Amino acid sequence: MNRAETLQHLAWLCRNGRTAVAPVIEASGWTELDAVLPGGGWQVGTIVELMPTAVGIGELQLLMPALARITSAGRHVTLVAPPYIPFAPALSQHGVRLERLLVIQAQRAEDILWATEQSLRCRSFGAVLAWPATVRDREIRRLQLAAEAGGSTGFLYRSVDAAREASPAALRLKLQRIANVLQIDVVKCRGGRRGVSVQVAAPCSGCA
Amino acid sequence: MLWLCIALPQLPLEALRSEDTDAPLVVAACEGSARWIVCGNPAAHSARLKPDMNYTVALALCPTVQKLERSAAAETAALERLAAWAYQFSSTVIPGEVPLDFRRARSGALWLEIGGSLKLFGGFRDFIAALERELGLLHYSYQLGIGPTLEGAALLARSGIRVVMPSPAALQLRIRNLPIALLALEPEIAGALHTAGVRTIGLLLELPRDAVIKRFGVQLGNFLDRLVGTAADPRPVFRLPARYAARFDFEFEVKSTEALLFPLRRMLHEFAGFLRARDTGVQRFTITFAHRGAAGTPMAIGLSLADRDANRFLTLVREQLEHLELPAPTIGLGLAADQFAMPAALQADLTHGSLQQNEELAHTIDRLAARLGAQHVHGLRQVADHRPEASWTAAPLQAARATPQFPERPLWLLQEPKPLQLSVVPQIVSGPERIEGGWWDSGDVQRNYYVMHLSNGSSLWVYQDLGERGGWYLHGFWS
């Protein structure tokens, strides 16, 4: 490509770049949730914040259908700084291919963010789940760019207190268990409606 | 035969230091009771410090000058590393000897037979371009000369004549008017020639051979024969070693790890050259930091895929170096590798699409492991053991295995079971599931597992210890 062609190409990208490319969607695997998410699922190349009210309410199970599909399709998934041991037998029972799952243990806040960014940037990873100790707006924007570059989706698990603050993440979901269902409150949704609540009939774990 | 000579006029300095400073710096050597300057950096030149100057005079001229002691061992080591590097361009590489006399120390050189390589590299221009591109990464001052004899090529290099002299006749014609000083002869012979009024090489070559030998010794006669190609010039050819072991001694202490990156960059580029010469790659190599009077500190670099890219090596080394605590200042570096493997990128079919991604994955994992520690970046594997804590293990990412079957399990497991402390009465949803085993490895367990629900929505995986310890424990979350 010579210089003139490059310039033309760049001009074309500016005109059509963002709108011309339809976002890639990874179905969440939960019909009720897909119905309220724009495009009908997790949008690839974005950052999603998940804010559960307690541990053990099905906050990880929510992602299992997507992780099972991503790993079966030959892409990898990373868990960065998980708070507990991701239990291999359970992951396997949910259909996650363990040979495509990478666990990264990091202590320091900057290491967690760095590892998350590195994984998001790598095109081999379809999803990156991270449990950052703290995360600031600027860092989320950085992760957002990395997710776009790598074509992967970043799921950040944050404390439920973060739901009250603003964040540049494309999608923010508050999770709580009410009786036998997992209630998902859409705190923010770029290109969709916020303030919606949806109840996912996630089987009440362990009581099958 | 067509020889390319890489002359290294600054080798005594550059063998000890791979980066330049703005402060005047010289290398000095002792002879008799005096100390003489062998060579200096550009800042020393600007301060009018010249080679062969008495060091005392130099100190008077420039009191701030820094001095390194000349090390013939370091020069030999540098030439050996360079020879291994140069092997990628020619299968006949001759490293020159390191002269002991300090006046001739600036004549260090390396020869490559290039007649056979030109075609491989797509002609003369491309060959020189490729060579200079790689050589530039090593940060040596160099001059190139190409001629039909070793001494002829070296003379052309020292004279800065970058024109190929394909035949001895063309060479003789071209060097006729060059001064004798460029021959880098023994100081006594050079002095005698000067006294006799022989100032140019042409004049010297016109003298009858017998008279030259009678007056200036047989050594000079033989040298002239080798120069113009009337006598053969057999020298030991460099053999590529099976293992790679390179050293870089500084002769001064380096305290900051940042400063170590300069010599490391050169060493890694030389190492990459060696790997190209052997047409192979490496998955593991070791860098050793030498300390004065203490054992060296080794640093192992591991890669997921065999590779030979110096820049990727450097990224990994830099990450690991940031976390390395060196017990003492570093006075030298070693780089060793003994197992080689073809880089995956060259091995596999390039049309295979996922290859690039696999490679990218491997590089990402290497970077992560280099910074966070290899034990902190791992995959997961199931183990056929009923005890929950023994039914999984951290393992490198690898191909799928047969999976043992267990009843439904929670997604989170606690590192250690935690004594259960509840302020409210939990609701037991299912259980008990009896899990026993481990008497064979002294991790004996006898437990009844239950699923409990708390009022805040959490599902817990708890067990009642039926063994000696007794009590209730939290072991996981159904997250």
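The model is predicted: local features need pLDDT of at least 70, side-chain atom pairs count only at pLDDT 80 or more, and totals for chains, interfaces and linings use all residues. Residues are numbered from 1 along each chain as its sequence is written, and chains are lettered from A and ligands numbered from 1 in the order in which they are written.

Chain B has 15 helices and 19 strands, taken as DSSP runs (helices H or I, at least four residues; strands E, at least two) numbered from the N terminus. Of its 479 residues, 38% are buried (20 or more other C-beta atoms within 10 Å of the residue's own, with C-beta atoms placed from the backbone).

In chain B, 43 residues are in contact with 42 residues of chain A (C-beta atoms, placed from the backbone, within 7 Å). The largest share of this side of chain B, seven residues, comes from α15(B).

| Element of chain B | Residues |
|---|---|
| α15 | 354-372 |
| β13 | 377-382 |
| β15 | 412-419 |
| β16 | 427-437 |

β13(B) also pairs with strand β6 (residues 101-104) of chain A, antiparallel over three bridges; pairing requires at least two DSSP bridges. Val377(B) is the bridge partner of Ile104(A).

Within chain B, the axes of helix α12 (residues 257-277) and helix α13 (residues 310-322) come within 9 Å and cross at roughly 150°. α12(B) is therefore roughly antiparallel to α13(B) (angles over 145 degrees).

Methods:
A residue is buried if 20 or more other C-beta atoms lie within 10 Å of its own, exposed if 12 or fewer, and partly exposed in between; C-beta atoms are placed from the backbone. Two residues are in contact if their C-beta atoms, placed from the backbone, lie within 7 Å. Axes are lines fitted to C-alpha atoms, for helices over the stretch in contact, and angles run from 0 to 180 degrees between N-to-C directions. Angles under 35 degrees count as roughly parallel, over 145 as roughly antiparallel, 65 to 115 as roughly perpendicular and the rest as oblique.
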